Amino acid sequence: MRSVEELSLKSPNDTKVYRLCTLDNGLQALLIHDPEINREGQQPAPASRDHQHAVNASAEDSDSMADDDEEGSDEEDESGSSDEEGSEEHEHVHRRRGQHTHSDDGGAVKKAAAALSVGVGHFTDPWSLQGLSHYLEHMLFMGSERYPDENDYDSFLTAHGGSSNAFTEEESTTFHFDVKPNSLRPALDRFAQFFIAPLIKADALGREVQAVDNEFSGVLQSDACRAMQLRCHTARKGHLFSKFGWGNAKSLVKDPAAAGIDVRAQLLQYYKDQYSAERMNLVVLGGEDLDTLQQWVEELFSAVPTGRGPRPQYGDAGPPFEGGRLYLLPAVKDEHRLTATFQLPCLNGTYRKKAEEYLAHFVGHEGSGSLLSALKARGWASELSAGVGDQSSVAWLFEVSITLTEAGLTAGPGCGLACVGLLFEFLALLRSPGPQRWAYDELATIAQMRFRFQEEEDAADYASGLAGDLFSYKPQHVLAGQYMFDDWDPALATELLAGMTPDAVRLDLCTHAYNSAAAAVLAGMPGASAGTEPWFNFPYTEALLPAELRQSWASATPSPEIALPPRNDYLPTDFSLCCEEAANGGNATGAATAATSQQGAATTNGTAIGEEDGSSVEPATAAAAAAAAAADSPTFPPPPSLLLDAPGLRVWHKLDSAFRQPRTNAYLRLYSAAGYASPRAAALSNLLIKLLEDALCETAYLAEVAGLHYGIWWEGGAGLDFKLFGFSQKLPLLAAFVFRSLTRLQVLPERFSRVKEALLRNYRNINMNPAKHAGYQRLLALKSRLWHADEVLAELTTLEVADVQAFLPALLEGLHIEAMLHGNIAAAQAAELAQQLHAELGGGTLSASARPAECCVQLPKGCSMLHRCRAKNAEEENSVVELYLQCCADTVQDRALLDMVEQLLYEPCFDTLRTKEQLGYSVHSGARRTHGVLGLCVSVVSGAHGPLHLDARIESFLGGFAESLAGMEEAEFEEQRESLLAIKMMKDRTMQEESDRAWDKISTRSYAFHSLRDECTHLRVLSLQQVREFYATYIAPGSATRRKLSIHIVGRAHAAELEVAPPAGVQLVDQPQELGKQLPFWPAMLGDAHACN
C-alpha cells in the first residue's frame, strides 16, 4: 500500500466515514464505511430483478412504464410536454435498482456499491476503429478467466439483490454496481476480474457489437445527439473531437473488415495498452469498517496490471473548433434551438474559483433585467440556459442555448442571429462594471447551504460520481469540491469573459425550418457550403459569419432593459427544525405528525365525517393526537394525518422527524369541473398554466436559485396540480406569490403570442418517441377522460387573449382543494397556509360528486384487440409493440399476485426477447395500474423486426413461460418471493420520495396509505399454485378470460404491415378513444379519507 489518507471534509449531514488509499500498483481506492448499513442478522440475499416498479411500489394507482427510463408519466404528454431527448453518453445498462432494502427481521439496511472509473475514453479510440472504447466497455461484461460464464457477473448481482451499469465518455469509462451488503466481497471479486483477466470472447463479439449498433440506432432521431455529432464532424480536421465515439456496426465491423483489421486483436491490445491500474479510481461503499474494506481491496485489486503511466492528457490538442462560424442542421421536432459555444481553456484545478459558474449565473439568469427577459420582451425566445457542458483536458465548452420563437428565428439577419447580437450586448454589460464580488458571495452561500443539507443519493450513482470526481479534485476535496466557492479570482473571470467574442463563438442552429434557413445562408453568406453528416446521414450547412456582423457584435452596447440581476431575497437564513421545537416543548401544536396513524390514525374521525360534511378538523386536535411522533417506523413510515376537512379544502400534514432537513414539500390538487370538460377546456387550462409560469418566471427563478422550487401541470382529467418544495423558511412566501399571480393573472398580448406559439410546438412534438406513442395510444383506449392531443391542438390554434381571460374565473368559480404539507412545517402553520391559499382562490367549493373521477374501460373477456398506426416521425425506422393484458380490479391480494408474476417474468422476458432473440435493444415488461385496474405490459422497440413478428414472439414467450411456471420448484419461488419482499420494503432516500408516495394515495383519492404494508403481508402467504392460477387466468395465451390489447407503432422500415390483414381472431381497432363509447367502465376506485389509516 503506497499511501493511506483519512478524508474529513464532508457534509455535516453525512454520517459515512471515508479513507483514500493508493495500492502498490497505483490504483486509487476511496473506501466508504456507512454505519447505517446494518449487516446484523442478514441472511444471504435472495434472487432479485431490476424492477423500478418495486422501487416505486407504493404508487399502486400509477400507470407509467416505471422500468423504462425513456418513459415519463402518462399525463405528461397529454398536457403538452414533448418527449425527452436521449442521453448523449454511451450507457451500457444491465440492471438498475433502488438503494435501500431491508433485512429479514425488518430492520432497514442500505445497499453496498462499488464503481471503477478508468481514465480513458473515446478520445483514445484508434482512428481506424472509432467507438472501440464503448465496444470494450460492453465486452468486459462477457466473462473473465476466473469467472468464464459470460453471464456470471450479472447473474450473481441479480441473485443477490443487485444491479450493474457502465458508460463511456471522452476521457473516462466508468463501471459500477450495487448489491446486498452481505454479498459485497464476492461481487467485488467478480468486478475486479474485469480489470485483471477479461476473456473478450470471440463468440460474444457479434452480439455485443449488435447491442452497440442498436444503442446508436436508438438516438438517430434525437435532435440533441444529432447536434452533438455535427459538432464532432465539423471539428478541426484530425482533432480528437471529430472522433465518432458511439461506434456502430459500420465503424466496428464493416470498415475494419474492409481494411483487414482483426477487431478482437485490437480490443485485446487496446485493453492491454490503456487499462492500467494507475489510471483507475475505485470507490467501495459498504457496512464493513474501513480496515476490512481496505483489506478486501488489497486482496482483490492488487493484481490489476500496471505500468502504462498516467491517464492521457490532451491539453496540447488545441481548440476543437474554428470560431466565427454558423452551422445549420434540420430538427426532427418542431423547434428552433440556437446554441452559442465558447471554447474556454481547460479549467481543471480551478474548482475552488468557480469562475465559469459565476459567468453562467449571470448569462443564464431568468430574473428581471436578464438576457432571457430581454429576449422574451422582444418575442424572440421562450427558454434559455447557459453553462459549461463538455469538460475535458482539451477545453471546457461554455454553451448558451436559446429556444427561438418564429420571430426570433427570422429577426434581423435571420437564423436567430438577432438573439446572438443581444447576447453580446449582455456580455458587454458584464464587462463594463467588472467582476461582482457580491454575486460570487451569493453563489457561495447557496453552495454552502446545499453542502450543509446534502441529501442522500443512490448508492451506485454516488460511487460512480465519486470515481469520476477523483480525476477532477484533490483527494482531500473530493467530497466537497463541487460546492467550494472559496477562492474569488476576478482576474480569471475577466479572462474568461474576454475570450467570449464574436470571432471565437461557434453557432449551431437546429431548426425545423432548415430548408428555408439553409437556402438563405447559402445565398446570403459568401463561402457558405452544404454537406452531409456521414454517421447520422443528415444534411447540414456551414458558413463563416460575415465580418461586418461580427464587428457589430464586438462593438455592441447594452440595451437599456438589460441589467445585472437583483440580490436574492429568497435566500433562507432560518434552518431550525420544527420537530426539535416540538420535542423541547417550544411548540406543542407544531408537533403534528403522522404518528396519528400509529394510534389507528384517523383519531380525527371519532364521528364519521362524510365527504360532504362541512365539519372541520382543528389543527390542534391533530397535533395533540400526534405529539409523540418523533420516531417513524423504519420499514413503513406513518402517513400524513388528516389535519383539516372543511368545505372546499382538505389538508393532510406530517411533521418530519426522520430526515431532519429544513425542507418542506407542499402539494396541492385543485379539482375543477370546468378545467377538462372538453378539448377546448383542456387547451385553455394548459395555456393558462404556461401563461402563469411565464408570469412567475422572473421572481420564481430567484427562489429556484435559492433551493426553493415549484411545478404546475394539469393532471389529466382530475385537476390542476401544484408542487412547491425546498427550504422551508421562504416556502409560504413563494406559495402566496404563485397563487396570487394565478388569481390576478393579466394576459398581455405580446406574452400571449409567444407562450401560445411554444405550447403549440409542444403539442405538435407529442409522441415523436415511438415507445411513448404506444403508451399514449393504449391510454387513449383505456381512460375515461383523455382528449386526444390532436383535438386539443386544434382548439389551441383558435384561442385568443379574451378566451383565456374569460376562462380563468370559470375555472376558479367552483374548486375543491386537496393539499398535503410534509416536512419542516408545524401543523398550525400548515393549516394557516392552506387556508390562506384557499381564500386567495376565492374560497369556493365543489361537491364530491362533481369532482372528476377517472375510470378505466373494461375490455371483454377473451378479446384480442389490435390498434396500429404509423410512427409520428416519418423518418423513424423503429417500430414498437406494446402488448397489454388487462387483469382485474385492484385488490391487495390480486396486486400481490400480479407483482409476483412480474417478478418471475421480468428477467426471462428480457433474456429471451432481447438477449437470445435479439428483437431489439429496448425490451420491458411490467405491471400497470390504470385507475384502479390491474394489467401487465410487454413492450419491444425494434428497427430490425416488424410489429407482427414482435407480437408473435411476445406471445410465444408468454406461452412458454406458462410451462416454466408449471415446472417451477418451490425453492426457486421462495427465493423470488423474498427478493420481491426486499424490494417492496426499501426505505426512502429522501423526504421527497416519502412525500410522493403519500401524495399518490391522496391525489388518486384511494387514501390507501397502508396498501404497501398490506401487500407485503399478502406476499408472505400467497402460494406458487395461486400464482400459476392467476397467470393461467389473465396472462397465458389461449385463456378464455384473457383480455388483450396490442398497440403497434409502425416505423418506416415496416410500413407495409399497415396494409396487412390482422391475424385470425384479432379485432382491429381504428380509433382507440372510441372503445369508451362501446364498452363499459370498471367502477372508480375511490377511498374514504376518514377511514384510511
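User: Why is Glu993 called partly exposed?
Analyst: In this predicted model, Glu993 has a relative accessible area of 27%. Buried means under 20% and exposed means over 50%, so Glu993 falls in between and counts as partly exposed.

User: What makes the pairing of Arg989 with Glu993 a salt bridge?
Analyst: The closest N and O atoms of Arg989 and Glu993 are 3.0 Å apart. The cut-off is 4 Å, so the pair qualifies. Arg989 is partly exposed at 22% relative accessibility.

User: How do you know that Glu955 and Lys1044 form a salt bridge, and where do they lie?
Analyst: Their closest N and O atoms are 2.8 Å apart, which is within the 4 Å limit, so this is a salt bridge. Glu955 lies in helix α30 and Lys1044 in strand β28, 89 residues apart, and the pair links distant parts of the chain.

User: Are Glu955 and Lys1044 buried or exposed?
Analyst: Glu955 has a relative accessible area of 17%, and Lys1044 has 7% relative accessibility. Both values are under 20%, so both residues count as buried.

User: What makes Asp1000 and Lys1001 a salt bridge, and why are they called buried?
Analyst: The N to O distance is 3.5 Å, within 4 Å, so the contact between these side chains is a salt bridge. Asp1000 has a relative accessible area of 12% and Lys1001 has 3%. Each is under 20% and therefore buried. Elsewhere, salt bridges that share partners join Asp890, Arg895, Asp899, Arg929, Lys984 and Glu1015 into one network. By this rule the count comes to 60 salt bridges.

User: Why are α22 and α27 called roughly perpendicular?
Analyst: The axes of helix α22 (residues 679-705) and helix α27 (residues 801-813) cross at roughly 95° and come within 10 Å. Angles of 65 to 115 degrees count as roughly perpendicular, so the term applies to α22 and α27.

User: Which residues make that contact, and how do they divide by type?
Analyst: From α22 come Arg680, Ala681, Leu684, Ser685, Leu687, Leu688 and Leu691, while α27 supplies Asp803, Val804, Phe807, Leu808 and Leu811. The residues of the contact divide into nine nonpolar, one polar and two charged.

User: Why do β26 and β29 stand at the edges of the sheet?
Analyst: The open sheet of six strands has the order β26-β27-β25-β28-β24-β29, with mixed pairing. β26 (922-930) and β29 (1067-1068) each have a single partner strand, so one side of each is left without a neighbour in the sheet.

User: How do you know that β25 and β27 pair, and which helix packs on the sheet?
Analyst: Nine bridges join strand β25 (residues 879-889) to strand β27 (residues 933-942), which run antiparallel. Pairing needs at least two bridges, so these strands pair. Gln886 stands opposite Gly935 in β27. Helix α30 (residues 947-966) packs on the sheet and touches β25, β27 and β28 (1043-1050), its direction making about 40° with that of β25. Helix α34 (residues 1024-1034) lies across β25 and β28, at about 115° to β25.

User: Where is Tyr1007 found, and why is it called buried?
Analyst: Tyr1007 is found in the loop between α32 (991-1003) and α33 (1011-1021). Its relative accessibility is 1%, under the 20% limit, so Tyr1007 counts as buried. Tyr1007 has a positive phi of about 55° although it is not a glycine.

Methods
Residues numbered from 1 in each chain as written. Predicted model: local features only at pLDDT ≥ 70, side-chain atom pairs only at ≥ 80, totals over all residues. Heavy atoms only, no water. Helix = DSSP H or I, 4+ residues; strand = E, 2+ residues; numbered from the N terminus. Contact = heavy atoms within 4.5 Å. Axes fitted to C-alpha atoms, helices over the stretch in contact; angles between N-to-C directions. Parallel < 35°, antiparallel > 145°, perpendicular 65-115°, else oblique. Nonpolar A, V, L, I, M, F, W, Y, C, P; charged D, E, K, R; others polar. Buried < 20%, exposed > 50% of the residue type's maximum accessible area, 1.4 Å probe, protein only.
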